[in-house]
Amino acid sequence: MSTQPLSSKIKDPHANNGGVNAMKPDDVDGKKVFIETYGCQMNLADSELMGGILAEEGFTAADSMEESDVILINTCAVRESAEDRVFGRLSHLLQHKHENPELVLGVTGCMAENLREKIVEKAPYVDLVVGPDAYRRLPELVADAMEENADPVIDVKLDQDEVYEGFSPKREDGVGAWVSVQRGCDKFCTFCIVPFTRGRERGVPPEEVVRQCKDIAERGFKKVTLLGQTVNSYEYEDTDFADLLEMIVPIDGIERIRFTSPYPIDFTDKLIDTIARHDEVCNYLHLPMQSASNEVLERMRRQYTVEEYVDLVERMRERIDGLALSTDIIVGFPGETDEQFQQTKDLMEELRFDFAYMFKYSERSKTYAEREMEDDVPESVKKERLTSIIEMQEDISREICESRIGTTQEVLVEGPSKRDDSELSGRTDDFKTTVFPRPADDSIEAGDFVDVDITDCTSHTLLGELSG
Ligand code: SAH
Ligand code: F3S
């Protein structure tokens, strides 16, 4: 079996095999797989999981699509734009099938779950369609798809007990690793497809989370990001999310712990206290607000009011030193008036998030909003609203970065900066990317903590020099 990680490339801008396996290992031994990932960090973590499951059965990594026997596109369905991109990508990949008729082309993830008919209809050359709860059977399904058969192999059954306990995801070496602690979502926000594509919420047993964290610490990772759709709602028997954090904090080698995405009203005082007490837990939180109109929040079925959200932000800022916050905002939700949009813009200005992910509402099939509400905000108005908050947020983000000029920040070095190999890049404890010149003696490497004097910035990056 190969110990090489399977390729896992993220597009865009997130073992023991336990199960029945009917495949014949000789058929797949050494077959090369390439996984391309779209969407959130949970999806990237799922690609690593698929890599682990496949490597266990003898598949190896492909360095490029050209040399692959199997290409898997791990998809996202959360917004229409993500879906359109995947269909574009699939038609492009058809060319690889012309060059190599044996190639197995598979679609996994949320679109597989949600759009299997459309995939089969629009991209009939796809050989394999596998939903997020069927990855345990992936080696077997790929082997089936390799046999000559005109019909695609499909498994999109959801399984409310599946947490992939005991599998070891294939993580590429690095400074930070993801660990999924929860799958699915039970909130059913009226705009969101996730509960339909990923099924019911379930926690990964705490011993399994700890096992994976110890494993990555032993491999030299310094930072772990715990993942779940509403990660702070985590529950496993008597263990809640604060308890889970307490179990990870003492693990030797894990110096920073982050988690995403929490759900606003599921922050208990106990959890806030746990975050505040431990230096290892990063002082950066992503807190999706979506809107600052109570009517809109109610129609979104977000279960909190604007006042409760603001109160939470205030309590957290009081308790957690130097807390950085980001958020998600949707503009143009059905029925959103100019005034309701303005309330959102005003509150963003008042709360001053460090950064924000901002989206135009797009209708998703099966959701309550799609069934019961008219997508009545014109596209041009959605665009205008989006541009207007993006411009405002850019200024706020830049001002917050500028306020760091003249300070010294502790940075966990991640590697060479994307733009310039003579510079190193890393993150502060509050998640700000920081770039500084690489010392001439090359004495600093990924995984080191260094102090950086901040001298300049862009709207999302701090620039500086090594301190001292
Ligand atoms: N709890 C998850 C949410 C996943 S979706 C998490 O934060 O990881 C991520 C974000 O996409 C949501 O917070 C929301 O702002 C946005 N989103 C979800 N459905 C959408 C839709 N139909 N149209 C536009 N944006 C949407
Ligand atoms: Fe989606 Fe709401 Fe869950 S945004 S992932 S239904 S918390």
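## Ligand 1 site

An oxygen atom of ligand 1 lies 2.6 Å from an N or O atom in the side chain of Asp-328, a polar contact being a pair of N or O atoms within 3.5 Å. This is a predicted model, in which local features need pLDDT of at least 70, side-chain atom pairs count only at pLDDT 80 or more, and totals for chains, interfaces and linings use all residues. Residues are numbered from 1 along each chain as its sequence is written, chains are lettered from A and ligands numbered from 1 in the order in which they are written, and side-chain values use heavy atoms, without hydrogens and water.

## Shell composition

Ligand 1 is surrounded by 13 residues, the closest being Arg-79, Gln-229, Gln-290, Asp-328 and Ser-362 (a heavy atom within 4 Å). By class the shell holds 5 nonpolar, 4 polar and 4 charged residues. Strands β16 (324-331) and β17 (355-360) are the elements that give two or more residues to it (strands are DSSP E runs of at least two residues, helices H or I runs of at least four).

## Helices α8 and α9

The axes of α8 (residues 206-218) and α9 (residues 241-248) come within 10 Å and cross at roughly 35 degrees (angles run from 0 to 180 degrees between N-to-C directions). The crossing is right-handed.

Pro-206, Val-209, Val-210 and Cys-213 of α8 meet Leu-244, Met-247 and Ile-248 of α9 (heavy atoms within 4.5 Å). This contact has 7 nonpolar, no polar and no charged residues.

How values were computed. Left-handed = near helix turned anticlockwise from the far one by under 90°. Nonpolar A, V, L, I, M, F, W, Y, C, P; charged D, E, K, R; others polar. Polar contact = N/O pair within 3.5 Å; in protein donor to acceptor, adjacent residues only side chain to side chain.
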